[in-house]
Amino acid sequence: MASIAFIICQYGNVILNYTTLNLQSCKQAHPMTLVQPMYLDQINSLKKELHAIILAHNYQIPEVQDIADFIGDSLALSREAAKTDADIIVFCGVHFMAETASILCPEKTVLIPDLDAGCSLASTINSYELQKWKKEHPHAVVVSYVNTSAEVKALSDYCCTSSNAVKVVNSIPKDTEILFLPDMFLGSYVGQVTGRKNLYVWPGECHVHAGITTDDINNMFRKYNHAEFMVHPECGCTSSMLYGMACGDITKKAHILSTEGMMQHAKNSDSSQFVVATETGILYRMKKENPDKMFIPVNENAVCKYMKKITLEKVVDSLVHKQYEVKVPKHLADSARTAIERMLKIS
Ligand code: 13P
Ligand code: SF4
């Protein structure tokens, strides 16, 4: 399984229309300020009263990004959760991210505005399956992508995110077997970049990123000749892209980056046009922070229905009713924390 080199999958995409009529008219009036003042005042006073902070992932809907105190990728959000002195963290992202915040800040109240905000990738492995896999490789070290449940993290030696997976794997002695889970595209990418032959990869995938195919990328290569390409390592096209880059077939400016890596690159690059291969929610922040540059989604249907479960109304309800609390039991949190802290030390 370690050498999955050319995994090219064709999957159906989830199309979700989350933009309401109100927001549509608001967008026309103020293209980059989508929050209605009523919500803004209410959320600001509730935050003050409760000593709360709002963290939002890069894929959140624009109006949620606009009211967040901090927007970032999984790693940046974990760091922010670990250092905040707020009493309440409202986590606008998906369930495993709120669990990570609860693991890192057991004394704080972590709320997720909608309990149905799950993750198809995190659901591809549970603790029983991991225990069984570990038994088959008794000397292996387990590296779990942050997109996993607290139970799975508790059985892992290291945690990693898309921005530090290579660094984490490189920190492990070369002769030690590694079980990498759950994303096969990220795992295959890490295997190729690090050149490890003893890295075994769980065959999980994110339905959104697996749906971004080599055909999508090739079509965009033809269409946007002068653009730079930014590709998330969870994408179904990552392995063939790496191969194309290594053997010189891909001569375009192409980069495989985490969502925060994309944000940094968009800001620092001299290019004015970027094709973006990840969940489309990130384009709002890219355009907002780089108004003179052009960002094109590689696949407009790359929408995570779980990320879009969080709305402004639900954020308000979350603050008013202190719902829904995500609390990882102490015995699991203590084990999972070791894996996360090892990662934070390395990156
Ligand atoms: P990042 O770690 O890049 O934020 O990605 C998380 C995620 O869920 C990607 O789908
Ligand atoms: Fe999970 Fe994929 Fe959604 Fe990210 S985009 S939260 S990996 S389902």
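**Entry 1: the crossover.** I started with a right-handed β-α-β unit, which is made of β7, helix α9 (residues 184-194) and β8. I keep in mind that I'm looking at a predicted model.

**Entry 2: neighbours of β7.** Next I checked which strands pair with β7. Strand β8 (residues 199-201) runs parallel to β7, with three bridges between them. In that pairing, L179 sits opposite Y200 of β8. Strand β5 (residues 141-145) is also parallel to β7, and I count four bridges there. I looked up V143 too: its bridge partner in β7 is F180.

Entry 3: I stepped back to E177, which lies in the loop between α8 (165-170) and β7. Buried or exposed, or in between, for E177? E177 comes out partly exposed, because it has 17 other C-beta atoms within 10 Å, while a buried call takes 20 or more. Then I listed what E177 touches, leaving out residues up to four places away in sequence: H137, H139, A140 and N198. I took a closer look at H139. It is 38 residues from E177 in sequence, yet their C-alpha atoms are 6.9 Å apart.

**Entry 4: zooming out.** I get 16 helices and 12 strands. Of its 347 residues, 49% are buried. For contacts with a separation of 6 or more, 69% are between residues 24 or more positions apart.

**Entry 5: ligand 1.** Which residues are around ligand 1? My list reads D73, S74, N147, T161, S162, C206, E234, S258, T259 and E279. Sorting this shell by type gives me six polar residues, three charged and one nonpolar. Last, I asked where ligand 1 lies relative to the domains. Domain 2 (122-207 + 338-346) and domain 3 (208-297) both contribute residues to the shell, so ligand 1 lies between them.

Note on methods
Residues are numbered from 1 along each chain as its sequence is written. Chains are lettered from A and ligands numbered from 1 in the order in which they are written. This is a predicted model: local features need pLDDT of at least 70, side-chain atom pairs count only at pLDDT 80 or more; totals for chains, interfaces and linings use all residues. Two strands pair if DSSP finds at least two bridges between them. Helices (H or I, at least four residues) and strands (E, at least two) are DSSP runs, numbered from the N terminus. A crossover is right-handed if, with the strands pointing away from the viewer, the path from the first strand over the helix to the second runs clockwise. A residue is buried if 20 or more other C-beta atoms lie within 10 Å of its own, exposed if 12 or fewer, and partly exposed in between; C-beta atoms are placed from the backbone. Two residues are in contact if their C-beta atoms, placed from the backbone, lie within 7 Å. A residue is near a molecule or strand if its C-beta atom, placed from the backbone, lies within 6 Å of it. Ala, Val, Leu, Ile, Met, Phe, Trp, Tyr, Cys and Pro count as nonpolar, Asp, Glu, Lys and Arg as charged, and the others, Gly among them, as polar. Domain bounds come from an automatic or database domain assignment.
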